[in-house]
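Here is a note for a colleague who is starting to read this structure. Please keep the sequence and the 3D view open while going through the numbered points.

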Amino acid sequence: MNSTSTEAPSRRRIATASFIGTAIEFYDFYIYGTAAALVFGTVFFPKFSTLAGTLASFATFAVGFIARPLGAVLFGHFGDRLGRKRMLIVSLLLMGGATVVIGLIPSYEDIGVAAPILLVITRFLQGIGLGGEWGGAVLLATEYAPPGKRGLYSAFPQLGPAIGFVLGNALFLILNATMSADTFRSIGWRIPFLASAILLVVGFYIRMRIAETPIFQAALDKQERARVPFFELLRRQPGVLVLATLSFILAHTLFYTVTTFVLSYGTGTLKVSRTTMLVAAMIAVSIMGVLTLVFAVYSDRIGRKLLCTGSAIIAALWAFPMFWLIETREPVLITLGMTGGMLCFAMLYGPMGAFLPELFRVRFRYSGSSFAYSAAGVVGGGVSPIIATDLLAKTGSSTPISLYLIGIAVICLVSLLLMRETKDADFTDGLGR
């Protein structure tokens, strides 16, 4: 191993290495959601009705979330035994490779049923890769953090989703503005997927230059490695794992309801222009990125739990006004409604970058934080857009969707109230005993 990969990294290098991977991988993951909302129904399910095609494309979107807990267990196992750095490189290559392949899959008109099958397979591989990415990235940041700064350091990878989403949506916005509908449907949507190859090379180079985290290296030096980390996690901290998972469902639900379902709802049901909805989403997520940093840093001062419980309460209160604003069809009010949802998300997501890793012991911290994050995504990210679409189809109203959001917020709030504050926890061992 060369010197550049073993030397103690600066804060800038830690920030870059933890941020770049999540930005790339969430870019990959989110462009799929955007394409599923805008074009996959007609490209891969043309024989379905408009509603059925949308539901089918959202179902393939959900496959990625279903795969994420498996990826969390797989990458968590080796990440807790072999190290954070190696798994972060593998997850990046898997995610990026699958994304490029999606951009090359022929349409249903060209190869028939093989097209949606290939789409599901590559989406599954995306989910496996992302299942190992988030946990490893936040551990890379927080396990280098000095005392009292874990919230700040965890904000580096937490900014990745905002940047990845804005970058992906910006590309879709440009393509939508410069291409005819037929050209966009045939080749335009593929460009953001193929462009991932460039980002993949950059991310690989940066991550190869980072060293293993000092906390995990110390555990290796002491021979403190779990033989099967996930099994030990289930034996020693099952309650913490369940509560951590339930507390994070709201974050995924808020994000994917606003950025995936609302995009489809706005362009399909409300007949708002695609450009208006994409711009509104980009503004909302850009503001979310800034607020994620603010809330992450602020959690070092007042604690993780207070901010997260506040987010759950505000999300419940915002569930109805958000849709009322969006349904005005006015661009400014649509943006305001989506931004409010993203504010609630940032208030929960910012502190969670430090909160989840602090809950688990070093021996199975990668497994615990990754699985809680990914399992929560199955319901919050994978299922929520489908449920919202189905509720809308059956009732013709957003009221049941708002009630659904309130229900998820209540689950989050109760789970958080049963958890301990962690900001002053001994990070060399975690809260679990």
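This is a predicted model: local features need pLDDT of at least 70, side-chain atom pairs count only at pLDDT 80 or more; totals for chains, interfaces and linings use all residues.

Which element gives the most residues to the lining of the largest cavity?

1. The largest cavity. The element that gives the most to the lining of the largest cavity is α15, with 5 residues. The space in this cavity comes to about 60 Å³, and the count of cavities of 30 Å³ or more is 4.

2. The largest cavity is lined by Phe26, Tyr30, Pro161, Phe248, Ala251, His252, Phe255, Tyr256, Phe345, Tyr349 and Tyr373. Sorted by class, this lining holds 10 nonpolar residues and 1 polar residue, with no charged residues.

3. The largest pocket. The space in the largest pocket is about 610 Å³. Its lining is made up of 27 residues, and those closest to the centre of the pocket are Ala37, Thr50, Thr54, Ser264 and Gly268. In the lining of the largest pocket there are 14 nonpolar, 11 polar and 2 charged residues.

4. The helices that build the pocket. At least two lining residues of the largest pocket come from each of α2 (11-38), α3 (40-44), α4 (50-82), α10 (181-188), α15 (238-269) and α19 (365-395). The largest share of this lining, 6 residues, is supplied by α15, and α15 also gives the most to the lining of the largest cavity.

5. α15 against α16. How are α15 and helix α16 placed relative to each other, roughly parallel or roughly antiparallel? Their axes lie 9 Å apart and the packing angle is about 165 degrees, where α16 covers residues 274-302. Angles over 145 degrees count as roughly antiparallel, and α15 and α16 are therefore roughly antiparallel to each other. The two helices make a right-handed crossing. On the α15 side the contact is made by Phe255, Thr259, Val262, Leu263, Gly266 and Thr267, and these meet Arg274, Met277, Leu278, Val285 and Met288 in α16. This contact has 7 nonpolar, 3 polar and 1 charged residues.

6. α4 against α7. Helix α7 (residues 114-142) packs with α4 at an angle of about 40 degrees, and the axes of the two are 6 Å apart. This angle makes α4 oblique to α7, and α4 passes α7 in a right-handed crossing. Among the α4 residues in this contact are Phe61, Gly64, Arg68, Gly71 and Phe75, while the α7 side includes Leu119, Arg123, Phe124, Gly127 and Gly131. By class, the residues of the contact of α4 with α7 are 13 nonpolar, 7 polar and 2 charged.

7. α5 against α12. The axes of helix α5 (residues 84-102) and helix α12 (residues 196-208) come within 9 Å and cross at roughly 175 degrees, which makes α5 roughly antiparallel to α12. Residues of α5 in this contact include Lys85, Leu88, Leu92, Gly96 and Val100, and those of α12 include Ser196, Leu200, Phe204, Arg207 and Met208. The residues of this contact divide into 9 nonpolar, 6 polar and 2 charged.

Definitions and conventions:
Residues are numbered from 1 along each chain as its sequence is written. Side-chain values use heavy atoms; hydrogens and water are left out. On a 1 Å grid over the protein atoms alone, a cavity is a set of points where a 1.4 Å probe fits but cannot get out, and a pocket is an open set with protein on both sides within 12 Å along at least five of seven lines; lining residues have an atom within 4 Å of a point. Grid points are joined across faces, edges and corners, and a volume is the space filled by probe spheres set on the points. Helices (H or I, at least four residues) and strands (E, at least two) are DSSP runs, numbered from the N terminus. Ala, Val, Leu, Ile, Met, Phe, Trp, Tyr, Cys and Pro count as nonpolar, Asp, Glu, Lys and Arg as charged, and the others, Gly among them, as polar. Axes are lines fitted to C-alpha atoms, for helices over the stretch in contact, and angles run from 0 to 180 degrees between N-to-C directions. Angles under 35 degrees count as roughly parallel, over 145 as roughly antiparallel, 65 to 115 as roughly perpendicular and the rest as oblique. A crossing is left-handed if the near helix is turned anticlockwise from the far one by less than a right angle, and right-handed if clockwise. Contact means heavy atoms within 4.5 Å.
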